[in-house]
Structures are given as C-alpha cells and as structure tokens.
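Trainee: I would like to learn how to read salt bridges, a helix and a nonpolar core in a model. Could we go through them one at a time?

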Amino acid sequence: MASSIDHPMPATTWGLALQLQDPPKGPVSLRIARGIVQEIERGRLRPGDQLPGTRKLATQLGVHRKTIIAGFLELERQGWITSSPAKGTFVSLELPETAPEPQRLPARSSLPPLEATAHEQLILSGGGPELSILPRAALARAWRRALLGRSSARLLDHGNPRGEPRLRQALADLLIRNRGVRAIPDNLNVVRGTQHGIYLAVRALLQPGDCVAIEALHHPSLRGIFQLAGVKLLPVPLDDDGLDVDALDLLCTHNRVKAVYTTPHHQLPTSVTLSGQRRVRLLELARRRGLMVFEDDYDNEFQYEGTPVLPLAFSDRSGAVVYFGSMSAILAPGLRLGFIASSPEIAERIARYRTFVDQQGDQILESAVAELIEDGELERHVRRARRLYRARRDELVQALDRHVPGLVFDVPRGGMAIWVQAPGVDADAWARRAHAAGVSFQPASHFALEEPPCDFARLGFSACSEAQLNEAAQILGRTMLARG
C-alpha cells in the first residue's frame with residue numbers, strides 16, 4: 001500500500017478497542033472495515049490518527065493478519081485511510097462523504113452564534129446575574145473550610161443523592177422564612193441547576209406519551225427536556241394576568257394532561273405575574289384534575305416594587321406543586337446549583353432516579369453555600385444585587401425611552417429583563433441587525449412553541465453596567481428600522 005500524505009506528529013490509537021458487528025454479516029475483512037468507518041464517523045478516530053499495526057489488530061481480534069490487510073486495502077480504496085511502509089497507517093485527512101448527521105432539535109432562535117462577530121457583544125439575552133459582585137472571598141473561605149474541615153473526608157466520598165444534608169437544612173429554613181414554602185430536608189432535592197432539576201423530575205414522574213401543558217412562551221431548554229423525554233407539549237396562552245387558566249381547563253377537557261409547567265412569579269419571558277385569582281383557580285384545577293404543577297421560581301428574590309408574591313407552593317394543600325428554585329440567578333450560573341421542594345414521596349422518586357444519572361452533586365460546594373446561607377452572607381448579597389438590578393432596570397427604561405421611542409413596554413416590578421413590543425417590526429430581523437452591530441437579545445421566536453408574535457423581544461438588564469445599557473439602547477435604536 002502506498003502513501004501520498006505526510007502525517008505530522010500523529011495521534012496514536014494504542015488504546016483502541018475495536019468490535020466487529022454482531023451478529024456477523026459478510027466477510028470478516030469487510031466487517032473490520034465497517035467497524036473502523038463507524039469509529040471515524042463517531043469521532044473516536046479523527047483525521048490524522050494512526051491506526052494500530054496489522055499484527056497488533058489481528059491479535060486483538062483473533063484473526064489472520066491477511067484478513068486485517070484485506071480490510072485496510074478496502075478502506076484505502078474508499079479513501080478512509082492512507083498508509084506508508086515507513087510510518088504506518090492513518091485516518092485520511094480528507095474523508096469521503098459520510099452519512100448525514102443525526103437529526104437534532106430545531107433551534108428556534110434566529111440569532112447567529114455569538115462568535116460570529118469579531119467585536120465584543122453587549123449581551124441583553126436572558127438576564128443573567130452580575131458576576132463581579134459575587135461574594136467570592138466569602139465563598140472561597142467557606143469552600144476551603146469544607147475541603148479542609150473535620151467533615152472533609154465524608155464530603156469527598158459518595159453522598160446522598162438528595163444533596164448535602166447541611167444545605168438541605170439551610171434551604172428549608174430559607175424557604176420557610178422568605179417564601180412561606182413548607183420545606184423540610186426530607187422533601188428537598190439539591191440539583192445542578194433548574195434545568196437539571198426539571199430533567200430529573202420529568203424522567204422520574206412522567207412517561208413517554210404523557211401530555212404536559214406549558215406556557216405558550218417559555219425557555220427553549222425546557223421544551224427540549226420535555227421533548228427528549230417523549231412528552232407531548234400543549235401550549236397554553238398568556239395575557240397580562242399570566243397563564244390563561246380557563247384555556248388550561250379546556251385543554252384538560254380534551255386531553256389527558258398530567259402536568260403543567262409555569263413561571264408564575266416573573267413569567268419567562270414576558271415578566272408578568274400570575275394574578276391572585278388565577279393562582280387560586282390553578283391550584284383548584286390541579287386538585288380537581290389530579291395535575292402536577294411544575295412551578296419554576298427562577299428569580300424570586302428580585303422584586304423591586306410592591307410586596308413579593310409568595311409561590312404557588314405556599315398555598316398548595318394537595319401536594320400538587322413541584323417547586324423549582326435556583327441559586328444560579330442569585331450567585332452564578334457556573335456554580336450549577338438549584339433545588340426542588342415537593343412531597344417526600346416525590347423527592348424520594350427523584351432521588352432514586354438520580355442515582356442512575358449522576359449519583360450526587362458537589363458536596364464541597366453544597367456545604368460552602370450552606371455556610372453562606374447560615375451566616376447571612378447570601379442575604380446580604382441578595383440585597384446588594386437587588387439594589388443594583390433595580391438601578392439597571394431604571395437605566396434601561398430611560399435609555400429605551402431616549403433612543404428607541406417606538407417601543408411599547410410596561411416597566412417590570414421585578415425580574416431581570418423587560419418584555420418589549422416594536423409594532424410593525426420583524427423582531428428576528430432586528431435581532432440579526434443588532435447582533436451584527438454588537439448587541440445580542442432574544443426575539444419572541446426564541447421562546448415560542450408555535451408561531452410567535454413577530455414584533456416582541458426580551459431585553460435583559462441585570463448583567464450589563466448602566467453605561468453598557470445606554471450604549472446598547474443606542475444601537476437598538478439605530479438597527480430597529482434599518483434595512484437588510
């Protein structure tokens with residue numbers, strides 16, 4: 001076999017374990033060739049990787065060396081490998097046509113990837129926390145004490161899939177005191193963020209083919225979780241009072257709905273709050289129809305005017321509510337920390353399922369965050385963040401009034417973003433123009449299960465400075481009605 005390509009510093013495949021098709025189909029040499037092609041298509045073998053020698057591979061597979069050579073000849077004929085008597089056999093740098101990639105979930109956002117532009121972006125997407133105010137020194141001290149303290153050996157070993165007991169107790173105290181949620185350590189699960197928590201709950205509590213009602217506009221990652229679980233999603237309309245409970249009731253009349261997913265405090269993405277009357281009716285509907293209510297209270301702490309609205313879980317008397325909370329919006333998304341409050345029975349089912357997924361969380365981190373809650377550091381941080389985010393909300397409101405006068409929006413009483421309407425404007429095209437000019441935001445299509453309202457968008461304010469928000473508003477004004 002001849003070679004026409006030099007391979008600089010190849011990656012060897014000394015540990016490659018190759019399996020033949022089972023049951024056998026066709027000559028052994030062709031089965032070997034197909035097995036190597038499959039490893040290339042999977043990415044386990046990459047262009048330029050060196051293959052094991054024919055003698056070594058023959059010994060591994062228990063076949064004659066001539067069989068391996070025949071397989072290699074077929075691969076070289078098809079263009080998958082090249083070889084050199086002096087250097088060895090390699091995966092070709094230019095591969096032949098491969099099978100099409102597996103189907104992926106559709107991406108509903110029309111935005112190009114952030115790396116598509118060379119300049120730094122002003123990120124108004126989502127509404128993440130301001131990371132510069134994270135109490136890093138306090139967290140580092142607490143983390144060090146957890147790692148080096150008397151309990152460190154236990155924390156570094158296998159732990160409870162429900163989460164570190166110290167954090168569950170601290171969270172139970174916080175939920176009772178600040179949110180009125182009846183919580184005890186035995187009905188809490190500590191998880192790696194809300195998305196992870198909802199995934200565990202969906203897998204533990206629902207079956208493929210079950211129907212779940214979901215707000216017509218919602219975070220696309222949640223849609224992906226339900227769809228991957230084989231759950232059928234049924235959108236429920238929204239208005240200025242939040243989820244339309246009458247529409248949900250009608251939906252339940254014609255479908256066997258098992259659960260409803262909702263963000264009642266600051267609806268994501270519209271930021272509206274579910275009215276008191278609808279809260280009562282939703283819980284009554286859940287009791288009457290046997291629905292589980294997945295309540296996602298992702299940014300409870302950030303209420304700027306009026307009395308904070310207590311969660312649905314506060315008023316739940318039938319055990320219908322599975323309550324999800326997150327530390328990501330409070331501290332930092334990279335910490336991957338959230339929690340679920342439910343009945344002890346549901347908490348046990350979620351924990352049992354988790355043992356098959358990732359067993360447990362980061363017990364050192366969980367212990368450190370428990371200390372921040374216990375000594376009041378977390379509460380002090382929330383107060384600082386609340387003041388900062390309110391000022392940034394006000395700055396964005398003023399900047400939009402100055403630079404984008406055509407926008408229509410209500411000033412949100414809480415949350416981390418503003419839901420705006422640009423009458424007559426294609427929000428997807430606006431988002432593309434703004435992104436090219438240096439500002440990223442999410443049009444309504446990013447959140448819609450069905451055909452979205454085309455002139456709405458979500459503008460986050462919590463992660464940008466006031467100067468950045470003012471600059472972003474100027475760019476939004478210039479690009480809103482631009483052509484192209």
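Trainee: With which residue does Arg42 form a salt bridge, and how far apart are the closest N and O atoms?

Mentor: Bear in mind throughout that this is a predicted model. The partner of Arg42 is Glu39, and their closest N and O atoms are 2.9 Å apart. Both residues belong to helix H1 (residues 28-42), where they are three residues apart, about one turn of the helix. The general idea is that an α-helix has 3.6 residues a turn, so residues three or four places apart point the same way.

Trainee: Are Arg42 and Glu39 buried or exposed?

Mentor: Arg42 counts as exposed, because its relative accessibility is 59%, whereas Glu39 is buried, with a relative accessible area of 6%. Glu39 also meets the side chain of Arg44 in a salt bridge of 3.3 Å, N to O, and Arg44 is partly exposed at 40%.

Trainee: Which parts of the structure does the salt bridge between Glu374 and Arg166 tie together?

Mentor: The side chains of Glu374 and Arg166 meet at 2.7 Å, N to O. Since Glu374 lies in helix H13 (residues 363-374) and Arg166 in helix H6 (residues 165-179), the pair ties together parts that are 208 residues apart in sequence. Through salt bridges with shared partners, Glu374 and Arg166 join Arg145 and Glu371 in one network. Over the whole structure, a search finds 28 salt bridges.

Trainee: Why can helix H15 be called largely enclosed by the rest of the structure?

Mentor: Helix H15 (residues 427-437) is described in that way because eight of its 11 residues are buried; among them are Trp430, Arg433 and His435. The cover over the buried residues of H15 includes strands S14 (439-440), S15 (442-443) and S16 (456-460), together with helix H16 (466-480). At the start of H15, a side-chain oxygen of Asp426 reaches to within 3.0 Å of the backbone nitrogen of Asp428, and the residue that follows the helix, Gly438, has a positive phi, near 115 degrees.

Trainee: Which residues touch the most other members of the largest nonpolar core?

Mentor: In soluble globular proteins, nonpolar side chains tend to be buried together. Here the largest nonpolar core has 52 residues, and those touching the most other members are Leu175, Leu248, Met327 and Val369. A second, separate core of 34 residues includes Ala329, Leu396, Leu407 and Leu459.

Trainee: What is Leu175 in contact with, leaving aside its neighbours within four places in sequence?

Mentor: With those neighbours left aside, the contacts of Leu175 are Gly180, Val181, Ala183, Leu188, Tyr323, Phe339 and Ala341.

Key
Residues are numbered from 1 along each chain as its sequence is written. This is a predicted model: local features need pLDDT of at least 70, side-chain atom pairs count only at pLDDT 80 or more; totals for chains, interfaces and linings use all residues. Side-chain values use heavy atoms; hydrogens and water are left out. A nonpolar core is a set of buried Ala, Val, Leu, Ile, Met, Phe, Trp, Tyr and Cys residues joined through side-chain atoms within 4.5 Å. Buried means under 20% relative accessible area, exposed over 50%, partly exposed in between (1.4 Å probe, protein chains only). Contact means heavy atoms within 4.5 Å. Helices (H or I, at least four residues) and strands (E, at least two) are DSSP runs, numbered from the N terminus. A polar contact is a pair of N or O atoms within 3.5 Å; within protein, one must be able to donate a hydrogen and the other to accept it, and residues adjacent in sequence count only if both atoms are side-chain atoms. A salt bridge is a side-chain nitrogen of Lys or Arg within 4 Å of a carboxyl oxygen of Asp or Glu.
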